[in-house]
Amino acid sequence: MSLFVPEFDETVVVREAGAEVVGRAPTTVRLLADSSSTGGALSTQRVTLTAGADGAKPHWHDNSAEMFFLLDGAADILSGDEVLTAGPGDLVVVPPGKPHAFAAVPGADADLLIVLTPGVERFEYFRHLQRIALGEATRESLLEVQELYDNHFLRSTAWDARRRGAAPGETV
């Protein structure tokens, strides 16, 4: 096991009023702290999903674990080939290299705090997603930046089955 010691010497404080917001309902992302502000320790954002909205399609990170903490509502979270349903106060941590995705449970809202550690510069990734939503970039352009953001997409039959309305998975 290696020990990563982040290098920053100022406390990071992000007030809700000062957080950059990307997107709008049904998917809103509040950019809280990027890797550059935490000395590489972590990247974090708050994602609010309404009415069963998708958060992220199946993907994996080679170099970071991803933590999902459900602040409110109900979310489906893919971890490998398993889809878990998380409720308020539930925590799911997906290790590096393991496929994952997340979405609000159909018909429900979800409010999640998401942390990647060690951190990756992710703010520009979310801005890129916003440009796609506005028609300023193509969905295919994400394939060009997978390595840059350590965000690698894949197909998941477990996720596809859940999002089509198959039987719910276990509760965390």
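## An exposed alanine in a loop

At 63% relative accessibility, Ala51 counts as exposed. Exposed means over 50% relative accessible area, buried under 20%, and partly exposed in between, with a 1.4 Å probe and protein chains only. The phi of Ala51 is positive, about 50 degrees, although Ala51 is not a glycine. Ala51 sits in the loop between β3 and β4 (54–60).

This is a predicted model: local features need pLDDT of at least 70, side-chain atom pairs count only at pLDDT 80 or more, and totals for chains, interfaces and linings use all residues. Residues are numbered from 1 along each chain as its sequence is written, and side-chain values use heavy atoms, with hydrogens and water left out.

## Overall build

The protein has four helices and 11 strands. Helices (H or I, at least four residues) and strands (E, at least two) are DSSP runs, numbered from the N terminus. The radius of gyration is 16 Å, close to the 16 Å that the globule rule gives for 172 residues, so the protein is as compact as a globular protein of that length. That radius is taken over C-alpha atoms, and the rule is 2.2 Å times the number of residues to the power 0.38. Along its principal axes, the C-alpha trace spans about 50 × 40 × 30 Å.

Buried residues account for 43% of the 172. Among contacts (heavy atoms within 4.5 Å) between residues at least 6 apart in sequence, 71% join residues at least 24 apart.

## Surface and charge

The protein exposes about 9,200 Å², and carbon and sulfur atoms supply 55% of that area. Accessible areas come from the Shrake-Rupley method with a 1.4 Å probe; for residues, only the protein chains shown count as cover.

There are 14 positive and 25 negative side chains. Lys and Arg count as positive, Asp and Glu as negative; His and the chain ends are not counted. The centres of the two sets lie 7 Å apart, with each charge placed at NZ of Lys, CZ of Arg, CG of Asp or CD of Glu.

## Nonpolar cores

A nonpolar core is a set of buried Ala, Val, Leu, Ile, Met, Phe, Trp, Tyr and Cys residues joined through side-chain atoms within 4.5 Å. The largest has 28 residues; Leu49, Phe68, Phe102, Leu112 and Ile114 touch the most other members. Apart from it lies another core, of five residues, including Leu78, Ala101, Ala103 and Trp159.

Ile114 lies in strand β10. At 1% relative accessibility, Ile114 counts as buried. Beyond four places in sequence, the contacts of Ile114 include Ser43, Val47, Glu66, Met67 and Phe102.

## Helix α1

Helix α1 (residues 123–133) has Phe123, Tyr125, Phe126, His128 and Ile132 as its buried residues. Their cover includes β1 (20–24), β2 (27–33), β3 (43–49), α2 (141–144), α3 (146–149) and β11 (152–153). Just after α1, Gly135 takes a positive phi of about 80 degrees.

## Backbone exceptions

Most residues other than glycine have a negative phi, and most peptide bonds are trans. Asp150 is not a glycine, yet its phi is positive, about 50 degrees. Asp150 is in the loop between α3 and β11. At 6% relative accessibility, Asp150 counts as buried.

A cis peptide bond joins Ala25 and Pro26, with omega about 20 degrees. Pro26 lies in the loop between β1 and β2. The bond from Thr117 to Pro118 is also cis, with omega near -10 degrees. Pro118 belongs to the loop between β10 (110–117) and α1.
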